[in-house]
Amino acid sequence: MEVVIAPADELAVLAAGTIDALLRRKPDAVIGLATGSSPLKVYDELARRHAEDGLSFAQARGFMLDEYVGLPAEHPERYRNVIEREIASRVEWAADRVQGPDGLAEDLPAACAAYDEAIAAAGGVDVQILGIGTDGHIAFNEPGSSLASRTRIKTLTAQTREDNARFFDGDIEQVPTHCLTQGLGTIMAARHLVLLATGKHKAEAVHQLVEGPISAMWPGTIMQMHPHATVLVDGAAASRLQLADYYRQTYASKPAWQGL
Ligand code: GLP
């Protein structure tokens, strides 16, 4: 696991640079997309590179991490709409090349199984962008999630609904109670995991993620088992890392030609 500590703008350039390099060597790459505020600067940077440097998503595929259950198709906070607004439409990514779990399906377990199959049929995810919840969830794998889980229905914790109420006029009652989420096993099958976290409120989750024991209580800790995981954090999110100086020193001495 590589930990990079840098200001948020630099982290976004690093993450976008990884996707840029991937798309230029593999135009039909499969990109794993996250919602939430953490990846927004990355999406801004990708949109800039699309507009100014000709970065093309035309042949790429996108798979989202998760989706709320039951939000109407046109709801602005439905994750498929969020992804359309924040990244897909800005890089002229055709709607049928970006998929998310279907939170409006009549048969939700069947939709979850079909989603895992669709990811596998596309050849698996090349780079997966991730954020982390204050309770340590990745995607919507809340504490207690099986470390081997596949895409499935989950109940959101009170903490997550409270955290996400800011997207729903500050009203927790409007935040759905259930979601469909890629499982931890699904996420672990991606070839490169790139997690972004900024702000002091993420410091404990980041400490557990990087330095805590692997545990379903902090679901992101499963990333310690991944052969290619990158954790991009600002100084505030890194403030509880015991080995912060070591991570800084390691990254500073990394040869410039070596990407993430
Ligand atoms: C959300 C999403 C996650 C996201 C996390 C952190 O609920 N389901 O994919 O990583 O919580 O969100 P944010 O980046 O807004 O802090």
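This is a predicted model: local features need pLDDT of at least 70, side-chain atom pairs count only at pLDDT 80 or more; totals for chains, interfaces and linings use all residues.
Asp126 lies in a loop. The relative accessible area of Asp126 is 8%. Asp126 therefore counts as buried, since the cut-off for that class is under 20%.

The surroundings of Asp126 were examined next. With residues up to four places away in sequence left out, Asp126 touches Leu22, Lys26, Ala29, Val30, Arg191 and His192. Arg191, one of these residues, also makes a polar contact with Asp126. That contact joins the two side chains at 3.0 Å.

Glu92 also lies in a loop, between helix H3 (79-88) and strand E5 (98-99). The relative accessibility of Glu92 is 63%. Glu92 is therefore exposed, because that class begins over 50%. The backbone of Glu92 has a phi near 55°. This is a positive value in a residue other than glycine.

Asp169 is placed in the loop that runs from helix H5 (158-164) to strand E8 (178-181). Its phi is near 55°, again positive in a non-glycine residue. Asp169 has a relative accessible area of 69%. This value is over the 50% cut-off, so Asp169 is classed as exposed.

In summary, Asp126 is buried and its side chain meets that of Arg191 in a polar contact. Glu92 is exposed and has a positive phi. Asp169 is exposed and has a positive phi.

Terms used: Residues are numbered from 1 along each chain as its sequence is written. Side-chain values use heavy atoms; hydrogens and water are left out. Helices (H or I, at least four residues) and strands (E, at least two) are DSSP runs, numbered from the N terminus. Buried means under 20% relative accessible area, exposed over 50%, partly exposed in between (1.4 Å probe, protein chains only). A polar contact is a pair of N or O atoms within 3.5 Å; within protein, one must be able to donate a hydrogen and the other to accept it, and residues adjacent in sequence count only if both atoms are side-chain atoms. Contact means heavy atoms within 4.5 Å.
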